[in-house]
Amino acid sequence: MDRPAHDWYRFVLSFPPHLVRDYADRFELNSDSLLLDPFCGTGTTIVEGKKLGIPAAGIEAVPMPLLASQTKVDWGPNPEHLKAHAQKVAERVLAVLESEGVSDDPEENQDAGSVANLRSLPEKTAKLLLKGSISPLPLHKVLVLLEVLETETNSPYYRHELLALAKLLPSEIGNLRFGPEVGVGVIKRDAPVVSAWLNQIWRMANDLGALSAMNETRAKALAGDAREIGRLMAPQSVDAVICSPPYPNEKDYLRIVRLESVLLGLIDDKPHLRTLKQRLVRSNTRGVYKDDEDDDWVRSNRNINRVADEIESRRISLGKDSGFERAYHRVTKLYFGGMARHFQSLSKILKSGARLAYVVGDQASYLRVMIRTAKLLAEVAISQGYEVEGIDLFRTRHATATGEQLREEVLLLRWPG
């Protein structure tokens, strides 16, 4: 039941749709409500809101998940027309590959290694990727497919066709694996691209056939910084928030979607990557910059500063001295300060009595110092005028480093107005 639309492209760190259903029901949302996800990711909340008949909006700063969210709530394309258009694109791609002596079928590509002019990425772009992310032959096929798709940018099917490719790129076409972190797994010399892409288009088209009857409910995703959300929506327009913001740990959200972001042209070079990172709540040390000032927002919070001081003391006692390790205590304060900015800006667009659910988790990534995210975030919310209704246990997970059970919780808030 959850697969239609949700499964078009899933973020490895996304939360389950049933959680949105549970809290939408508890908050008594209906077709007259507006549901917001200010950390939209790949659109779990807004897709589920649309399925439930609840108008929804999402805010996302990273281009790849933003593209996914915008496409996953677009149920307008005619399924048969989408399949017919994709079939024509595939035929053009296969004709180009055949003229170059390359087959989409790896079993027929035994001599393709001798092709002299395989397409590749510009050097500055290739440097953005983990070495070995994608092998030369599959990369060549992907680039040919993208060249053909770029002639179809005015097509009503263009974004769906791009997203179908994005879903396949990391693991089915590329060589990436996802453990706790993204890394390079088994290197595939070759992989089918066009046939796999067509199969994904067919799955999307089948979903559209079922979803089209629910297309009347409004849902949208906007580009923006969650810390400046008050500028993006009308004052006092939002009835409820259901979201899963980042937590303070070493997961780099831009790194997780790097392969598809680069190949689809959504990230151009390192300066562009830095600009994107600066639009995010600071939650990992790869996104911390010298002139960041969000920590000023929690300067008076004793518990947050105590945790940050404990992290720094442990670093010194263990003799840890890398640049990342020296930033652990600072990113902890920057994270909660960024969330304080978010809560302050968000309050401008909330209706009086709006209810909020934030899915967050405990973390011990920084030298095994426990960060009770929900409890500290509750203090931050109170400082910005919110009321805490409770903290629900969502699930626990085993921390391999410490052997402890880490709690994932839902922080429940109310905006009194």
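Which elements do the buried residues of α3 pack against? The legends below start with that helix. The structure is a predicted model.

**View 1. Helix α3 is mostly covered.** The buried residues of α3 pack against α2, β2 (56-60), α7, β5 (219-223) and α10 (258-263). Helix α3 spans residues 63-72. Eight of its 10 residues are buried. These are Met64, Pro65, Leu66, Leu67, Ala68, Ser69, Thr71 and Lys72.

**View 2. Helices α1 and α2 pack at an angle of about 55 degrees.** Two packed helices are described by the angle between their axes and the distance between the axes. Here the axes of α1 and α2 lie 9 Å apart. The two helices are therefore oblique to each other. Their crossing is right-handed. On the α1 side, the residues that meet α2 are Pro17, Val20, Arg21 and Ala24. Their counterparts in α2 are Thr44, Thr45, Glu48 and Leu52.

**View 3. A salt bridge joins glutamate 48 and arginine 21.** The N to O distance is 3.0 Å. Glutamate 48 sits in helix α2 (residues 44-52) and arginine 21 in helix α1 (residues 17-26), so the pair ties together parts that are 27 residues apart in sequence. Is glutamate 48 buried or exposed? Its relative accessibility is 3%, so glutamate 48 counts as buried. Arginine 21, at 30%, counts as partly exposed.

**View 4. Arginine 92 and glutamate 152 form a salt bridge.** Their closest N and O atoms are 3.0 Å apart. The pair links distant parts of the chain, 60 residues apart. Arginine 92 belongs to helix α4 (residues 79-99). Glutamate 152 is in the loop between α6 (136-149) and α7 (158-173). Arginine 92 has a relative accessible area of 38% and is partly exposed.

View 5. What is the relative accessible area of glutamate 409? The value is 5%, under the 20% cut-off, so glutamate 409 is buried. Arginine 407, with 32%, is partly exposed. Leaving out residues up to four places away in sequence, glutamate 409 touches Tyr358, Val359, Val360, Asp362, Ala374, Ile391, Asp392, Leu393 and Phe394.

**View 6. Six residues named here are linked in a network of salt bridges: Asp225, Arg227, Glu228, Arg231, Asp294 and Arg341.** How many salt bridges does a search of the whole structure find? The search finds 31.

**View 7. Valine 12 sits in the segment before α1.** Which residues is valine 12 in contact with, leaving aside its neighbours within four places in sequence? They are Phe178 and Ile256. With a relative accessibility of 44%, valine 12 counts as partly exposed. Leucine 280 is 268 residues from valine 12 along the chain. The C-alpha atoms of valine 12 and leucine 280 are separated by 18 Å.

Conventions:
Residues are numbered from 1 along each chain as its sequence is written. This is a predicted model: local features need pLDDT of at least 70, side-chain atom pairs count only at pLDDT 80 or more; totals for chains, interfaces and linings use all residues. Side-chain values use heavy atoms; hydrogens and water are left out. Buried means under 20% relative accessible area, exposed over 50%, partly exposed in between (1.4 Å probe, protein chains only). Contact means heavy atoms within 4.5 Å. A salt bridge is a side-chain nitrogen of Lys or Arg within 4 Å of a carboxyl oxygen of Asp or Glu. Helices (H or I, at least four residues) and strands (E, at least two) are DSSP runs, numbered from the N terminus. Axes are lines fitted to C-alpha atoms, for helices over the stretch in contact, and angles run from 0 to 180 degrees between N-to-C directions. Angles under 35 degrees count as roughly parallel, over 145 as roughly antiparallel, 65 to 115 as roughly perpendicular and the rest as oblique. A crossing is left-handed if the near helix is turned anticlockwise from the far one by less than a right angle, and right-handed if clockwise.
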